[in-house]
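Colleague: Could you take me through one part of this model in some detail? I'd like to go strand by strand and then look at the charged contacts.

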Amino acid sequence: FGDGEWMQIWQRLGLDIRLVAAAFSIVWVTALWYRGMYQLRTRWRLQSEALEITRATLLVAAFSLSALFIFHGEGVSRLFLLFLFVTQPLVTLALRGVMRAWFTSLRHQGYNTHLMLVVGTGRLARDFAERVEARAGLGIRVIGYLTVPGEKPGDLDRPILGSIDDIERIFHSRVVDEVAICLLPENLRYLDPVTRLATDEGKTVRIPIDPIAVALPNASEEDFEGFVVRSLVSGQEHDLGLAVKRVIDI
């Protein structure tokens, strides 16, 4: 902070260090929330969280440097800021790694289980369901499949609960936390209506395929067991998130 006593520097800026610390905490939490980091089941891999933490750090760094510029904070050490924006994400990632290990342990013991419905009955649907259930740490159990017109059911390890037309009825008659949409390229016309219905019902949507023609701007994307999986988590905070994005843009 230079030659002066650090508290005096903030006082000369006309700022209370406690308020600055509180403001920084709020900005940091808001940035993590904006990147979806409090939707704990969205990302299945710690590496995906690391990427989002890095993006949140860049947002906070841009905001902090802009604030220092506006308030003429020349006395704030740039070395301190560098240390802060390296240490903060590393500590956050370490804590999240510990939390992830704890949740994984609980799910191995059968706690915190989520139920998944798979749309599709082909090889993609079967392989994805098998690999998801093989990862006990995810805590996901596949309850069954929905058939899609023109698709021949393969050798499935879970019951067929109905056709794609029955999806709304199943949502209202059974517990479903997540929906995996495993469609062949010729059936991608069902992707948008099923995604809209599932998110409106508050379900997490997983799409283990990467159709270039389909845009899902609010979905996170990661590699999982040989698949490219797009995850879309519904929530009432979406509109507020757009407002926060607009403020950040300005």
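Which residue in β2 stands opposite M116?

Modeller: That would be V142. Before going on, a word on the source: this is a predicted model, where local features need pLDDT of at least 70 and side-chain atom pairs count only at pLDDT 80 or more, while totals for chains, interfaces and linings use all residues. Residues are numbered from 1 along each chain as its sequence is written, and side-chain values use heavy atoms, with hydrogens and water left out.

Now to the strand itself. Buried here means under 20% relative accessible area, exposed means over 50%, and partly exposed is in between, with a 1.4 Å probe and protein chains only. Strands are DSSP runs of E with at least two residues, helices are runs of H or I with at least four, and both are numbered from the N terminus.

β1 pairs with β2 (residues 140-147) in the parallel sense, over 6 bridges; two strands count as paired if DSSP finds at least two bridges between them. To get from β1 to β2 the chain goes through helix α5 (residues 123-134), and this β-α-β crossover is right-handed. That label applies if, with the strands pointing away from the viewer, the path from the first strand over the helix to the second runs clockwise.

β1 also pairs with β4 (residues 178-181), again in the parallel sense, over 4 bridges. There, V119 has I181 as its bridge partner.

β4 takes us to the charges as well. E178 makes a salt bridge with R206, with the closest N and O atoms 2.9 Å apart; the term means a side-chain nitrogen of Lys or Arg within 4 Å of a carboxyl oxygen of Asp or Glu. This pair ties together distant parts of the chain, as E178 lies in β4 and R206 in β5 (residues 204-207), 28 residues apart. Both E178 and R206 are buried.

R126 counts as partly exposed because its relative accessibility is 24%, whereas D127, at 13%, counts as buried.

The structure holds 10 salt bridges. Among them is E49 with R100, whose closest N and O atoms are 2.3 Å apart. That one links helix α3 (residues 46-70), which holds E49, to helix α4 (residues 78-108), which holds R100, across 51 residues. With 7% relative accessibility, E49 counts as buried.
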